[in-house]
Amino acid sequence: MSSEYLIKQLSVFINNEPGRLAQIAAALKECNVNMKAFNIAESSGFGVFRAIVDDPDKACAELSKKGIVVKETNVIAIPMVNRPGGLLDVAKIIGDAKINVEYGYAYMNNDEASFFFRVDDAPAVIERLLAAGIKVLKEKDI
Amino acid sequence: MYWNETIEKMPISELKDLQYKSLKSLVNNLYSFSTFYHDRMKEMNVRPNDIQSLSDITKLPFMNKSDLRDNYPTKMFTSPKKSVVRYHVSSGTTGKPTLVGYTANDIEFWTESLARSLTSVGIGDGDVIQISYGYGLFTGGLGLHYGAERVGATVLPAGTGSTERQLELMIDLDVTAIACTPSYLMHMGDVAKAMGIDIRKDTQLRKAVLGAEPWSDNMRKYIENELGVQAYDIYGTSEISGPMFSECSEKDGIHVWGDTAIVEIIDPETGESLGPGEKGELVMTVLKKEAMPMIRYRIKDLTSVMEEECACGRTSPRIRRIDGRSDDMLIIRGINVFPSQVEHTLMHMPEMTGQYMIVVDRVGALDLMTVQVEVGQETFSDKIDDMLRLKKKISSELKKYLNIGIDVELMSPGSLPRFEGKAKRVIDRRKL
């Protein structure tokens with residue numbers, strides 16, 4: 001039931017060197033991958049590029065063929081309203097539900113915005129959100 | 001000043017005669033009492049009687065570090081175990097250590113050799129010497145300690161680390177000489193500066209006996225100018241006992257006492273002997289060693305030999321400053337590291353893809369070793385925490401086997417160079 005709410009995210013490992021992001025971007029272009037949202041997390045000496053894309057399974061397979069280490073992970077998406085306090089509404093929901101967010105990032109399209117976030121047990125968290133009457137986005141909603 | 005004038009100034013022809021006699025009796029002994037060496041000689045079809053002159057040494061088989069590893073721990077010992085009074089241990093090529101044992105006489109020969117060396121640089125009675133080499137399994141600390149006590153110096157057994165405290169003691173105890181690695185002395189200089197201590201003015205330090213890692217004449221100039229000390233090169237490896245031989249006050253080559261050892265230089269590729277002045281691989285035969293005799297031991301350090309008498313009047317052959325290695329051993333902060341050890345450690349971690357590179361830098365006075373490893377599909381995680389945990393795991397595994405702190409850098413697959421034929425997995429950027 002909750003599985004239809006799982007959003008597939010692609011993660012790619014990148015070396016912390018000039019030109020590495022361009023290399024990944026070129027591969028995404030060659031594989032004809034369209035992104036809806038992405039973020040880059042960096043640590044000492046390396047980074048992780050994470051993206052929500054149109055056809056994640058196909059993109060994952062194409063990138064792997066190019067020798068790029070890519071991983072599919074499930075994340076959760078909640079709609080946000082594009083106005084001051086929009087994030088607070090979402091943060092309160094997540095906080096009240098005592099959900100521990102590993103990381104998160106946003107996507108915005110005119111007045112509509114979405115908050116993508118990663119938790120340890122996504123299906124269980126989705127159940128809790130739905131039970132509390134919170135709107136959770138499906139892949140086709142994005 | 002000489003410690004043993006008779007030996008140190010012995011005419012070269014007499015010294016060679018002494019060497020021949022010692023070699024002959026050593027070979028006789030080993031042929032009778034060492035299964036290891038007996039078998040080696042038989043394989044090469046050499047008998048003790050084939051040694052009829054000093055140059056016949058070239059008929060004898062070589063020994064290698066792998067022999068020590070293969071015969072670990074004590075299979076090569078030629079003395080009963082109960083007559084062994086001490087062990088020292090150094091790192092081996094594949095994670096297995098190299099063990100060296102000493103009889104009471106071995107310690108005595110070692111101490112005597114260092115007493116001559118320290119005397120030759122003018123360290124003796126009235127000096128206070130700070131031994132800032134590692135004490136313990138490493139040979140440097142205890143070796144120099146015994147040598148320095150023998151010449152009547154006051155020893156401060158400081159060991160390594162706690163640099164600020166070492167500097168305070170140096171001042172409080174009027175230390176006049178120090179024995180340590182050249183990079184540690186440079187590090188001390190930096191720390192002193194940061195503490196507002198001027199080693200030239202605020203201390204009595206005038207002499208430094210430096211070794212256990214490669215260094216250069218440029219480093220010597222830097223140390224002497226910066227710290228106002230005279231810096232001397234000391235040489236040895238655990239297989240030949242430890243630090244054994246040093247330069248004299250002339251700073252023109254390391255005196256290898258002729259009654260104690262025979263030096264040869266060979267072509268590392270062919271094993272052919274090279275003449276004086278020709279650069280090649282150092283091969284040493286230790287004439288005075290009981291628990292673990294070393295004949296024609298291939299140390300793999302590159303140098304050349306000078307046979308003529310030194311300006312100081314000493315007649316033993318001298319070797320020039322070590323100028324690299326004929327194998328891939330690295331010396332990181334005084335510790336021997338073989339790339340094969342890194343490989344061995346990584347191969348035992350199922351997470352690893354097998355692709356790695358070793359990068360060595362010198363930051364300030366300290367060596368910094370970085371191991372770059374490629375991240376595989378199975379180990380990659382979208383969570384930074386997981387990746388940091390992996391990084392930490394690799395570096396603590398490496399630390400466990402190599403005994404030094406190593407930085408780990410995670411790399412994306414395919415980003416490290418691939419090799420056809422012999423892999424060159426080490427980039428040494430240190431400028432000595």
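**Strand pairing and domain arrangement in chain B**

In strand S20 of chain B, B:Glu409 is the bridge partner of B:Gln372. Strand S19 of chain B, which spans residues 366-374, and strand S20 of chain B, which spans residues 407-411, run parallel and are joined by five bridges. A helix also takes part in this arrangement: together with helix H12 of chain B (residues 384-402), S19(B) and S20(B) form a β-α-β unit that is right-handed.

At the level of domains, chain B is assigned a domain 1 covering residues 1-326 and a domain 2 covering residues 331-428. The centres of domain 1 of chain B and domain 2 of chain B, taken over C-alpha atoms, are separated by 32 Å. Contact between the two domains involves 13 residues of domain 1 of chain B and 17 residues of domain 2 of chain B. On the side of domain 1 of chain B that touches domain 2 of chain B, helix H8 of chain B (residues 182-195) gives the most, contributing four residues. That side of domain 1 of chain B consists, by class, of eight polar, three nonpolar and two charged residues.

For chain A, the prediction has an average pLDDT of 89, and 99% of the residues score at least 70. Among the elements of chain A, the highest mean pLDDT, 94, belongs to strand S3 of chain A (residues 46-53), whereas the lowest, 87, belongs to helix H3 of chain A (residues 86-96).

Definitions and conventions: Residues numbered from 1 in each chain as written. Chains lettered and ligands numbered in written order. Predicted model: local features only at pLDDT ≥ 70, side-chain atom pairs only at ≥ 80, totals over all residues. Domains from an automatic or database assignment. Contact = placed C-beta atoms within 7 Å. Helix = DSSP H or I, 4+ residues; strand = E, 2+ residues; numbered from the N terminus. Nonpolar A, V, L, I, M, F, W, Y, C, P; charged D, E, K, R; others polar. Pairing = 2+ DSSP bridges. Right-handed = clockwise from strand over helix to strand, strands pointing away. pLDDT = per-residue confidence, 0-100.
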